[in-house]
Amino acid sequence: QALEVYYKILIDNPNIIIEVATHCSHEEKEPEVLSQKRSQKIKELLEKKGVDPVRIVAKGYGFKKLKISDATIAKAKSQKEKEALRQLNRRTTFMILSWDYPATDTIIQKPYKPKLSRELDDTSEFKR
């Protein structure tokens, strides 16, 4: 589950600040509001697990950053294919914003900074 992966990364790296961003497709009603609510829900769940809320920025992008364009979706042959392509636009991303959050209980001499390029898929827990 994506939430557990986010949590583990935050616990294993106490100096990072992250952005949890959610995205929608054009078919969603009020996409910016919906995606912001989804991001905020993820932030709240991580806070409940003990992560300092200062370390999490919740951002809803609506359909501003589509992975699959509407033109590409329109070219799909079946409704099933179109829905599968729309689903790719409904996602949650995790980005490290900063590596210098002051960890009070851990001394990090040289923080590890991996290159993260993979997105984790949305889970049903975060959908409407």
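Student: How many aromatic pairs does the structure hold?

Tutor: One. Keep in mind that this is a predicted model.

Student: Which residues form the aromatic pair?

Tutor: Tyr 6 and Phe 94. Their centres are 4.9 Å apart, with 15° between the planes.

Student: Why is the pair called stacked?

Tutor: Planes under 30 degrees apart count as stacked, and here the angle is 15°.

Student: Where in the chain do Tyr 6 and Phe 94 sit?

Tutor: Tyr 6 is in helix H1, residues 2–12. Phe 94 is in strand E3, residues 91–98. They are 88 residues apart, so the pair links distant parts of the chain.

Student: Are Tyr 6 and Phe 94 buried or exposed?

Tutor: Both are buried.

Student: New topic. What lies over the ring of Tyr 61?

Tutor: The charged end of Lys 59 sits over that ring, 5.3 Å from its centre. Lys 65 also lies over the face of Tyr 61, at 4.2 Å from the ring centre.

Student: And Ser 39, which helix is that in?

Tutor: Helix H2, which covers residues 31–48.

Student: Is Ser 39 buried or exposed?

Tutor: Buried, because its relative accessible area is 0%.

Student: What does Ser 39 touch?

Tutor: Leaving out residues up to four places away in sequence, its contacts include Val 20, Ala 21 and Thr 22. Ala 58, Lys 59 and Gly 60 are on the list too.

Student: Now the whole chain. How many helices and strands?

Tutor: Four helices and three strands. From the N terminus on, the order is α-β-α-β-α-α-β.

Student: What share of the residues is buried?

Tutor: 41% of the 128 residues.

Key
Residues numbered from 1 in each chain as written. Predicted model: local features only at pLDDT ≥ 70, side-chain atom pairs only at ≥ 80, totals over all residues. Heavy atoms only, no water. Phe/Tyr/Trp six-rings, centres within 6.5 Å; stacked < 30°, edge-to-face > 60°. Helix = DSSP H or I, 4+ residues; strand = E, 2+ residues; numbered from the N terminus. Buried < 20%, exposed > 50% of the residue type's maximum accessible area, 1.4 Å probe, protein only. Lys NZ or Arg CZ within 6 Å of the ring centre and 35° of its normal. Contact = heavy atoms within 4.5 Å.
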